[in-house]
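User: I would like to learn how to read aromatic pairs and pockets in a protein model. Could you take me through them one at a time?

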Amino acid sequence: MRINLSQQNPAFISIIENPDQVITLDANFLIPPHRSQFIKRDIEFDKFREIWLEPIFRAFPNLAIHEAVYEELVDVYPKTFVDGKYKS
């Protein structure tokens, strides 16, 4: 994959300059990666939440997901996390 470093990405600049805007997430942002092919165990959800989800939700307070994305969250931990954010 080639990355063009000669031009700024206007969408990325917009997010950085205005972190309060509504940003729609894909399910991939909410599901811990499976690394069992590289290490003996996967990343536990609590650690994933601590190092990935909580910092993102602190930095960008108006994150949103589509109902169809919510339905993709079949594991109880990501779904419970999203439910908690929705209720707060």
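**Reading pockets and rings**

Analyst: We start with a pocket in this predicted model. The second largest pocket has 14 lining residues, and those nearest its centre are Ile31, Pro32, His34, Asp75 and Pro78. Its volume is about 190 Å³.

User: What is the make-up by class of the lining of the second largest pocket?

Analyst: Nine of the lining residues of the second largest pocket are nonpolar, one is polar and four are charged.

User: Which residues line the largest pocket, and what volume does the largest pocket have?

Analyst: The volume of the largest pocket is about 240 Å³. Its lining consists of Leu30, Phe57, Pro61, Leu63, Ala64, Ile65, Tyr70, Val82, Asp83, Lys85 and Tyr86. By class, nine of these are nonpolar, none is polar and two are charged.

User: Which element gives the most to the lining of the largest pocket?

Analyst: That is α4, with four residues. Both β2 (63-64) and α4 supply at least two residues each to this lining.

User: Now the rings. How is a pair of aromatic rings described?

Analyst: A pair is described by two values, the distance of the ring centres and the angle of the planes. For this structure the count comes to five aromatic pairs. Take Phe45 and Tyr77: their ring centres are 6.0 Å apart and their planes are at 20 degrees, so this pair is stacked, since planes under 30 degrees apart count as stacked. Phe45 is in helix α2 (residues 45-59) and Tyr77 is in helix α4 (residues 76-87), so the pair links distant parts of the chain, 32 residues apart.

User: Why is the pair of Phe45 and Phe81 edge-to-face?

Analyst: The planes of Phe45 and Phe81 are at 65 degrees and the ring centres are 6.3 Å apart, so the pair is edge-to-face; the cut-off for that is over 60 degrees. Because Phe45 lies in helix α2 and Phe81 in helix α4, this pair ties together parts 36 residues apart in sequence.

User: Is Phe45 buried or exposed?

Analyst: Phe45 has 10% relative accessibility, so it counts as buried, the limit being under 20%. Phe81 is buried as well.

User: Which residues form the aromatic cluster?

Analyst: One cluster is formed by Phe45, Phe48, Phe57, Tyr77 and Phe81.

User: Which residue lies over the face of Tyr70?

Analyst: Lys79 does, at 4.6 Å from the ring centre.

Conventions:
Residues numbered from 1 in each chain as written. Predicted model: local features only at pLDDT ≥ 70, side-chain atom pairs only at ≥ 80, totals over all residues. Heavy atoms only, no water. Phe/Tyr/Trp six-rings, centres within 6.5 Å; stacked < 30°, edge-to-face > 60°. Buried < 20%, exposed > 50% of the residue type's maximum accessible area, 1.4 Å probe, protein only. Lys NZ or Arg CZ within 6 Å of the ring centre and 35° of its normal. 1 Å grid on protein atoms, 1.4 Å probe; cavity = no way out; pocket = protein on both sides within 12 Å on 5 of 7 lines; lining within 4 Å. Points joined across faces, edges and corners; volume = space filled by probe spheres on them. Nonpolar A, V, L, I, M, F, W, Y, C, P; charged D, E, K, R; others polar.
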